[in-house]
Amino acid sequence: QIFTCVLHLDNDCTAVVLDPPRKGCDEDFLRELFLFLPKKIVYVSCDPATQARDARQIVDAGYDIVDVTPFDMFPQTRHIENVITFFRK
């Protein structure tokens with residue numbers, strides 16, 4: 001029950017910023033996120049593969065991808081941070 005203390009907020013005015021570990025979001029968290037139904041989700045990830053896996057579930061839950069921005073924060077390495085912004089349809 002992650003979002004219990006904010007359920008009184010109007011979800012049309014809410015945004016959730018996700019920055020999970022490399023393994024991505026777990027199923028329980030995503031289930032609770034979709035019940036909370038924020039208007040906007042900003043997902044920051046250091047692993048594009050797990051972010052893509054989670055993005056599929058977010059889109060399937062009724063969100064559109066409106067922006068994808070990769071950041072090369074670690075020059076001379078293969079590591080990037082990637083940010084995807086979703087809006088609820």
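Predicted model: local features only at pLDDT ≥ 70, side-chain atom pairs only at ≥ 80, totals over all residues.
A residue counts as buried when its relative accessible area is under 20%. Phe86 has a relative accessibility of 0%, so Phe86 counts as buried.

Phe86 belongs to strand S4, which covers residues 81-88. What is Phe86 in contact with, leaving aside its neighbours within four places in sequence? The contacts are Lys39, Lys40, Ile41, Tyr43, Ala55, Ile58, Val59, Tyr63, Asp64, Ile65 and Val66. A distance gives a further point of reference: the C-alpha atom of Phe86 is separated by 15 Å from that of Cys25, and the two residues are 61 residues apart along the chain.

One of the residues in contact with Phe86 is Ile58, and Ile58 also takes part in the contact between helices H1 and H2. Two packed helices are described by the angle between their axes and the distance between the axes. Helix H1 spans residues 27-36 and helix H2 spans residues 48-60. Their packing angle is about 30°, and their axes lie 11 Å apart. Angles under 35 degrees count as roughly parallel, so H1 is roughly parallel to H2. The crossing of the two helices is right-handed. On the H1 side the contact is made by Glu27, Leu30 and Phe34, and on the H2 side by Asp54, Gln57 and Ile58. Sorted by class, the residues in this contact of H1 with H2 are three nonpolar, one polar and two charged.

How many aromatic pairs does a search of the whole structure find? The search finds two. In one of them, the ring centres of Phe3 and Phe29 are 6.0 Å apart and the ring planes stand at 45°, so this pair is tilted. Phe3 lies in the segment before strand S1 (15-18), while Phe29 lies in helix H1, so the pair ties together parts that are 26 residues apart in sequence. Both Phe3 and Phe29 are buried.

The other pair joins Phe3 to Phe36. Here the ring centres are 4.8 Å apart and the planes are at 0°, so the pair is stacked. This pair also links distant parts of the chain, with Phe3 in the segment before S1 and Phe36 in helix H1, 33 residues apart. Phe36 is buried, as is Phe3. Taken together, Phe3, Phe29 and Phe36 form one aromatic cluster.

Note on methods
Residues numbered from 1 in each chain as written. Heavy atoms only, no water. Axes fitted to C-alpha atoms, helices over the stretch in contact; angles between N-to-C directions. Helix = DSSP H or I, 4+ residues; strand = E, 2+ residues; numbered from the N terminus. Parallel < 35°, antiparallel > 145°, perpendicular 65-115°, else oblique. Left-handed = near helix turned anticlockwise from the far one by under 90°. Contact = heavy atoms within 4.5 Å. Nonpolar A, V, L, I, M, F, W, Y, C, P; charged D, E, K, R; others polar. Phe/Tyr/Trp six-rings, centres within 6.5 Å; stacked < 30°, edge-to-face > 60°. Buried < 20%, exposed > 50% of the residue type's maximum accessible area, 1.4 Å probe, protein only.
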